[in-house]
Amino acid sequence: MIEIMIRLRIIHLAVVHAMIIIEALISVSDAAYMVSAATDDQLVSTPRTVSFVPIRIITWSIYLLNYTYNSMFYSEPTWIPERQAFLDETLRLEGRGNAGISCCCGLAAPLFRCRDCFGTQMFCQECVLQSHTNNPLHRIDMWNDLFFQRSTLKQMGLRVQLGHEPGETCYNPRPSAGDDFVVIDVHGVHEIALDFCGCASAQIRYKQLLRARWYPATTSDPRTAATFSLLEHFHILSFESKVSAYEFYHSLVRRNNNAGLSHIRDRYSAFMRMIHEWRHLRQLRRAGRGHDPAGAKATTAGELAVLCPACPHPGKNLPQDWQNVPLLVRWKYALFIAIDANFRLKRKAVSSDNRDPSLNSGWAYFVEEAAYKSYLADQAGTKQDRSTCVSHNAVNMADTKSSHGLAATGVGAVDCARHDMKLANGVGDLQKGEKYINMDYLVFSALLAFAVTMINISYDIACQWHKNFGHAPERGWSNINRVATSTKEMGLGSRRDTLDDHFGDWNWKKVTALGRTLLRKISDAVKWKREHGEGLAELERTIQPMLILQWRKEVEAWEEDGSQRNPFESRYAPITQAAVRLRLAELEADELQAGTNVSLHTDISPTRLITTGIDLQDQQQRLKTDMANASLHPTDKQKTAMQTRVTALQRRLDAWARVQELYMPIVSQFRQRSSEAGPESFKLWLPSELQPTVSCDKKLAAHEWDLRHAQAQDALNEVRSHLRLRSHMYIYKDRNVRGQAASTRAQALIEGVEMRKRASVDKYRRARNTLLALGYRLDKSGWDISLPPLLDSDVRPMGDMERQGTGTISWIWLDSHVDNSSSENERVQDCVRVEWCKARARANRWSEEVELLLEEMRRVIVFLKWQAEWWGGRRSSRASESVAEQEGLAAYAC
């Protein structure tokens with residue numbers, strides 16, 4: 001009690017000192033404001049120590065706060081003074097404790113003690129056997145006058161009788177084969193003397209074991225069983241820790257004897273078989289298959305999957321007339337799916353369908369294997385189109401996946417994109433990478449369970465995939481990746497059923513957390529809806545109403561018809577980098593037609609290699625910036641989002657680096673000598689990063705030169721655009737904004753533009769530095785006249801845009817590549833229009849998100865009510881002659 005009071009006092013002091021710091025900081029802020037607002041005369045007459053007193057208070061309070069924090073968390077633990085006592089007590093338990101105490105029956109000098117019963121009382125042999133009739137798997141120690149040595153209830157004469165209540169006599173006991181039976185329990189692997197019931201009314205042997213909550217390893221003449229508690233324990237443990245069956249089983253063996261001096265019966269194969277069957281039975285129970293009069297054999301495809309209650313399910317959680325509502329409302333009933341592949345979930349070419357058949361066989365998340373393989377075999381001769389997208393190479397690199405000795409190089413999956421749950425029959429094995437034919441089958445197999453009319457697909461190669469009609473957010477894989485090592489060695493059926501079970505648990509945990517998840521999402525969405533709505537309103541106050549009306553008509557026309565002019569694109573700034581990429585792609589196409597193409601990879605050309613490398617560098621820079629600006633104390637959600645970005649970038653870098661070594665073999669030596677901390681620091685060793693003395697294909701260097709030159713021009717266009725927009729914001733703020741709140745909002749808009757401007761400046765400088773490096777290798781000259789160094793003093797508006805009066809014009813406005821056919825006012829208006837379109841899109845996006853989340857919350861409630869009614873009907877759906885069985889069916893359905 002005293003210790004608790006002391007710690008409460010420490011916490012109180014910490015809070016007090018924290019409040020002192022806050023008040024002092026406010027005082028400093030007020031003082032600084034007074035000084036900044038004072039005139040020169042006032043400063044002369046005002047003592048300059050106005051802010052020193054609060055600073056001294058802050059320094060002293062921080063010292064005290066640090067002291068109290070250390071007192072709370074880093075003081076000497078109260079356990080350390082008692083450490084020796086704890087050690088002594090644990091050693092005392094190695095002996096008999098109070099020697100000389102008689103057994104409960106009065107017998108002197110009892111020799112036996114149970115390791116698993118409560119307490120340390122010693123018993124005689126007779127009392128041990130009597131008290132363990134209901135606990136036949138407890139571990140017994142025997143005192144040999146020096147120490148406790150291991151004994152067993154079987155050695156002491158205990159026989160376990162099945163088919164009767166404990167204590168009842170069986171008039172026809174039938175010992176197990178060889179009077180040798182092994183039970184695997186959480187305490188270890190036990191050898192027991194077991195008698196089956198041989199009476200006329202006796203059940204078959206495996207049923208006698210099941211009714212004792214022991215799971216038999218076989219149905220005919222079982223000699224091994226596992227307790228239900230053990231299977232339940234491992235089942236949950238495998239979900240949470242991803243422990244393998246091999247590690248778990250051998251930890252049980254070590255509980256029997258950690259020194260390895262005694263022989264323990266090997267039942268690992270039997271344990272694997274039992275847990276395989278156990279997983280399958282739990283899925284059948286959860287899906288209500290035990291309540292169906294047709295039985296488990298009537299299970300249909302995908303029926304064992306855990307459904308997402310927030311997704312649209314006609315007949316379960318959608319209004320009856322949902323198909324007839326206007327399109328402005330029907331969009332809320334759309335299905336959002338995400339497609340992705342995981343190349344860590346490999347499987348070695350071991351076993352076969354015949355030796356290791358799947359128990360689920362298409363009833364859960366994996367598609368039915370026979371039909372899937374038949375489809376792939378029929379499409380084997382179909383040539384996969386090469387991706388024309390310069391940013392994504394998941395398909396182009398499909399054949400680069402190492403497949404030696406593998407039956408599957410990974411798995412493809414279709415997820416519920418908004419709630420991150422696996423869809424029924426949406427998972428399948430991949431062979432030699434991520435191909436359209438695999439994804440075609442998985443997508444349409446998953447969609448068979450839905451009858452919705454609108455589908456939104458998220459797929460990182462969707463730009464190419466939709467052309468064939470046949471990467472999502474890479475969430476959820478981090479959870480399952482931890483079983484990749486253990487499932488890689490499994491046979492086909494065991495692996496598929498194990499992954500099915502893990503996917504089911506993932507979905508189940510998502511379902512149980514939906515209430516908290518949707519509440520958090522709606523709270524965030526309402527906040528962002530308000531902030532982006534206010535931001536749009538603030539921006540529109542700087543724009544003439546007639547312009548807003550005109551722009552709204554343009555953007556709505558483009559939203560209705562994508563062939564209309566895109567209002568999000570500038571009408572003056574040329575997209576030079578995209579033009580260069582197109583020119584290089586057309587040049588490669590001509591070379592391919594003429595038979596002069598020298599690509600070393602069937603799918604990845606030299607141009608695509610360099611283009612993708614530059615894109616990856618941009619992603620590295622953005623990730624590095626975001627990591628540097630991250631909070632010192634991020635939330636779990638922020639940590640997860642950042643880790644997902646890091647993992648995704650690492651995967652792309654690894655895939656790109658493997659292809660790069662075909663074109664630039666020298667880089668493998670540099671990578672072996674380097675040790676980057678993470679993907680944001682991974683050096684790509686593009687031609688511009690190599691020393692001039694290092695050999696490199698000049699064609700690769702020339703491709704990078706062209707792209708970097710265009711990148712520098714793009715960056716300058718962006719800088720000019722941001723300067724125009726910032727000037728417009730400043731002028732409006734000076735003329736129209738009054739009051740602290742309005743000024744703060746206007747300043748926030750300006751700071752957002754300023755941040756983007758700085759990013760464009762950095763982009764130009766990086767591009768120019770690479771041009772300098774490539775210029776020596778390619779003997780380029782004269783280019784630096786149009787692309788001189790960009791100093792901070794050069795980054796300023798043109799002419800009098802910020803009332804600079806006689807200010808000179810920066811060279812960025814005199815560049816020969818600048819289109820001067822339009823007036824500066826038109827260019828400013830163009831920049832503002834693009835920014836308004838983006839602000840409107842953000843505001844609409846969060847407004848729609850709030851609507852969609854409210855609909856999902858409604859759907860969850862309706863779905864769970866439907867499911868409760870469905871289970872209510874299951875209580876009496878199957879009639880059983882056994883009263884006990886009928887009671888169990890009804891109890892489970894409650």
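**Exercise 1. Describe the salt bridge between Glu718 and Lys763, and state which helices the two residues belong to.**

Solution. Step 1: in this predicted model, Glu718 and Lys763 form a salt bridge, and their closest N and O atoms are 3.3 Å apart. Step 2: Glu718 lies in helix α23 (residues 698-736) and Lys763 in helix α24 (residues 740-778), so the bridge ties together parts that are 45 residues apart in sequence.

**Exercise 2. State how many salt bridges the structure holds, and locate the partners of the one between Arg265 and Asp180.**

Solution. Step 1: the structure holds 39 salt bridges. Step 2: one of them joins Arg265 to Asp180, with 2.6 Å between the closest N and O atoms. Step 3: Arg265 is in the loop between α8 (245-256) and α9, while Asp180 is in the loop between β5 (173-175) and β6 (181-185). The partners are 85 residues apart, and the pair links distant parts of the chain. Step 4: with a relative accessible area of 21%, Asp180 is partly exposed.

**Exercise 3. Classify the ring pair of Tyr372 and Tyr441.**

Solution. Step 1: a pair of aromatic rings is described by the distance of the centres and the angle of the planes. Step 2: the count of aromatic pairs comes to 24. For Tyr372 and Tyr441, the ring centres are 5.2 Å apart and the planes stand at 50°, so the pair is tilted. Step 3: Tyr372 is in helix α11 (residues 369-378) and Tyr441 in helix α12 (residues 436-447), 69 residues apart. Step 4: Tyr372 has a relative accessible area of 1%, so Tyr372 is buried.

**Exercise 4. Name the residues of the aromatic cluster that includes Phe234, and say which residue lies over the face of Trp685.**

Solution. Step 1: the cluster consists of Phe234, Tyr246, Phe248, Tyr249, Tyr268 and Phe271. Step 2: for Trp685, the residue is Lys683, at 4.3 Å from the ring centre.

**Exercise 5. Describe the surroundings of Asp141 and of His280.**

Solution. Step 1: Asp141 is found in strand β2 (residues 140-143) and counts as buried, at 4% relative accessibility. Step 2: the side chains of Asp141 and Arg115 are joined by a polar contact of 3.2 Å. Step 3: leaving aside residues up to four places away in sequence, Asp141 touches Leu111, Phe112, Arg113, Arg115, Phe148, Gln149 and Arg150. Step 4: turn to His280, which lies in helix α9 (residues 268-286). His280 is buried, with a relative accessible area of 11%. Step 5: again not counting residues up to four places away, His280 touches Leu304, Leu359, Asn360 and Trp363.

Definitions and conventions:
Residues numbered from 1 in each chain as written. Predicted model: local features only at pLDDT ≥ 70, side-chain atom pairs only at ≥ 80, totals over all residues. Heavy atoms only, no water. Phe/Tyr/Trp six-rings, centres within 6.5 Å; stacked < 30°, edge-to-face > 60°. Helix = DSSP H or I, 4+ residues; strand = E, 2+ residues; numbered from the N terminus. Buried < 20%, exposed > 50% of the residue type's maximum accessible area, 1.4 Å probe, protein only. Lys NZ or Arg CZ within 6 Å of the ring centre and 35° of its normal. Contact = heavy atoms within 4.5 Å. Polar contact = N/O pair within 3.5 Å; in protein donor to acceptor, adjacent residues only side chain to side chain. Salt bridge = Lys/Arg side-chain N within 4 Å of Asp/Glu carboxyl O.
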